[in-house]
Amino acid sequence: MDIRRATEADGEAIRQIYNREVLESTVTFDLVPRSADDQRTYIAARSGALCVIVAEEDGVIAGFASLSFYRDRPAYRTSVENSVYTHRGFRARGVGDLLMASLVERATASGFHAIFARIADAQEASLALHRKYGFELVGIEKEVGRKFGRWLDVALLQLLLER
């Protein structure tokens, strides 16, 4: 499986993976699926030290991951937030693991100090993946999101990167 930086040509495959989660799960708090224009903007906004990467197997996008700025204010610029999504047909095959390893490596090489992850609704697979890479729970945000008629908590995890 190849892990590489996403291109605009990957946009539709990424959008399909993401929009399914928007419509059917609580792993994202988006309520409206991304348009093709939204997807192009998403990829374009994550260039340079930020990134969108994909896992590709035999020409099929098996998953994607990204690094985004943690917060907008300048003092937060050394911290990023990650996102990892796996195509449902590729789950339990190590795709998330490959993507996470690449994200941590890229964040370290880019000089970031901390990676944060927000994990909604106690998603065990995501929690386990992050713990494997040394992320530690730093707090629970109680009932900060509402989706499918339910209040949802968000676990905030953090990894301090070695310099």
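Student: Which residues have the most contacts inside the largest nonpolar core?

Tutor: This is a predicted model, where local features need pLDDT of at least 70 and side-chain atom pairs count only at pLDDT 80 or more, while totals for chains, interfaces and linings use all residues. Residues are numbered from 1 along each chain as its sequence is written, and side-chain values use heavy atoms, with hydrogens and water left out. A nonpolar core is a set of buried Ala, Val, Leu, Ile, Met, Phe, Trp, Tyr and Cys residues joined through side-chain atoms within 4.5 Å, where buried means under 20% relative accessible area, exposed over 50% and partly exposed in between (1.4 Å probe, protein chains only). The largest core has 26 residues, and those with the most contacts inside it are Ile115, Phe135, Leu157 and Leu161.

Student: Which element gives the most to this core?

Tutor: Helices (H or I, at least four residues) and strands (E, at least two) are DSSP runs numbered from the N terminus. Strand 2 (51–57), strand 3 (60–69), helix 3 (95–109), strand 5 (114–120), helix 4 (124–132) and strand 7 (150–160) each supply at least two residues of the core. With six residues, the element that gives the most is helix 3.

Student: In what order do the seven strands of the open sheet lie?

Tutor: Two strands pair if DSSP finds at least two bridges between them. The pairing in this sheet is mixed, and the order is 1-2-3-4-5-7-6.

Student: Which are the edge strands?

Tutor: An edge strand here pairs on one side only. Strand 1 is joined to strand 2 by four bridges, the two running antiparallel. The edge strands are strand 1 (2–5) and strand 6 (136–147).

Student: Is Thr86 buried or exposed?

Tutor: Thr86 is in strand 4 (residues 79–86). Contact means heavy atoms within 4.5 Å; leaving aside neighbours within four places in sequence, Thr86 is in contact with Ile17, Ala62, Gly63, Arg91, Val95 and Gly96. Because its relative accessible area is 15%, Thr86 is buried.

Student: How many Å apart in space are Met1 and Glu56, C-alpha to C-alpha?

Tutor: Met1 is found in the segment before strand 1 and is partly exposed, with a relative accessible area of 37%. Apart from neighbours within four places in sequence, its contacts include Ala55, Glu56 and Glu57. Met1 and Glu56 are 55 residues apart in sequence, yet their C-alpha to C-alpha separation in space is 5.7 Å.
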